[in-house]
Each structure stands twice: as C-alpha cells, then as structure tokens.
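Here is a short report on strand pairing and salt bridges. Keep the model in view while reading.

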Amino acid sequence: NLLSKGFTVAFYNRELDIGENFHTEHAPKFDAGKLLGSASYEDFAKLLKKPRKALILVTAGKPTDMVIESLMGAFEKEDIIVDTGNAHFKDQSQRAEMVEAAGMRFLGMGISGGA
C-alpha cells in the first residue's frame with residue numbers, strides 16, 4: 001500500500017466516525033504526518049499538492065458519480081481524479097467527458113468492460 005512505500009496519504013470518508021477510527025488505528029504505524037484525515041472534500045483538497053490526485057475507492061455506479069461530483073466541486077483545473085472501481089467502460093467514458101470538460105483529468109483504472 002502507499003503508506004508502506006513512504007508516501008503521504010490523505011483521505012476523506014463521508015462517515016466521519018469511520019474516518020476517525022481508521023486514522024486512530026493506522027496512523028501510529030507510520031511516521032508522523034504520513035496519514036492525513038479530513039472532514040470534508042474541501043479540507044481533503046487542501047491537504048493535496050497541486051496538481052491534486054485522488055483515487056476513488058467506492059462502489060461502482062451512483063456512489064462513484066457522487067464522489068466525482070463532490071471532488072469536482074473542491075478541485076481545480078489540471079487536478080486528476082482516478083476511479084479504481086469496476087465500472088462499465090461506457091460509464092467511464094461519460095465520466096471522463098464530464099471531468100475533462102471542467103478542465104480536470106480523469107482516469108478509469110478498474111474498468112471491467114461490462115456486458
């Protein structure tokens with residue numbers, strides 16, 4: 001995982017108690033300041049260096065769309081959104097068009113191809 005390779009990782013979970021528990025459990029395993037939790041998408045964006053890069057790890061479908069829309073509200077041009085979910089390629093193409101129309105970049109990494 002990224003933390004074990006020395007990267008700093010910022011995260012946001014809409015269920016704040018889950019995020020706090022995750023941070024409490026895992027932060028002590030790594031150097032101070034390597035695991036950064038946030039309370040909102042805006043706070044999450046402030047933790048990232050520009051151009052920002054965010055990996056989305058949520059259920060494919062509507063949850064992914066909701067996260068992308070929220071990130072787009074907090075991100076700026078040239079920032080990068082990466083969907084790691086198992087989405088249909090047509091959905092990923094639509095997402096890419098939407099994100100790129102706003103001047104940001106999009107990468108669908110976990111594409112299954114679908115039926």
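The sections below cover the strands, then the charged pairs.

## Basis

This is a predicted model.

Strand 4 (residues 80–83) is joined to strand 5 by 4 bridges. Aspartate 83 has glycine 108 of strand 5 as its bridge partner.

Strand 1 (residues 9–12) and strand 2 (residues 35–38) run parallel, joined by 4 bridges. Tyrosine 12 is partnered by serine 38 in strand 2. The chain passes from strand 1 through helix 1 (residues 16–26) to strand 2 in a right-handed β-α-β crossover.

## Salt bridges

The structure holds 6 salt bridges. Glutamate 76 forms one with lysine 50, at 3.0 Å between the closest N and O atoms. Lysine 50 counts as exposed because its relative accessibility is 55%. Glutamate 76 also forms a salt bridge with arginine 52, at 3.7 Å.

Arginine 95 meets aspartate 83 at 3.8 Å, N to O. Arginine 95 lies in helix 4 and aspartate 83 in strand 4, so the pair ties together parts 12 residues apart in sequence. Arginine 95 is buried, at 4% relative accessibility. Aspartate 83 is buried too, at 0%. Elsewhere, shared partners join Lys50, Arg52, Glu76 and Asp79 into one network of salt bridges.

Key: Residues numbered from 1 in each chain as written. Predicted model: local features only at pLDDT ≥ 70, side-chain atom pairs only at ≥ 80, totals over all residues. Heavy atoms only, no water. Pairing = 2+ DSSP bridges. Helix = DSSP H or I, 4+ residues; strand = E, 2+ residues; numbered from the N terminus. Right-handed = clockwise from strand over helix to strand, strands pointing away. Salt bridge = Lys/Arg side-chain N within 4 Å of Asp/Glu carboxyl O. Buried < 20%, exposed > 50% of the residue type's maximum accessible area, 1.4 Å probe, protein only.
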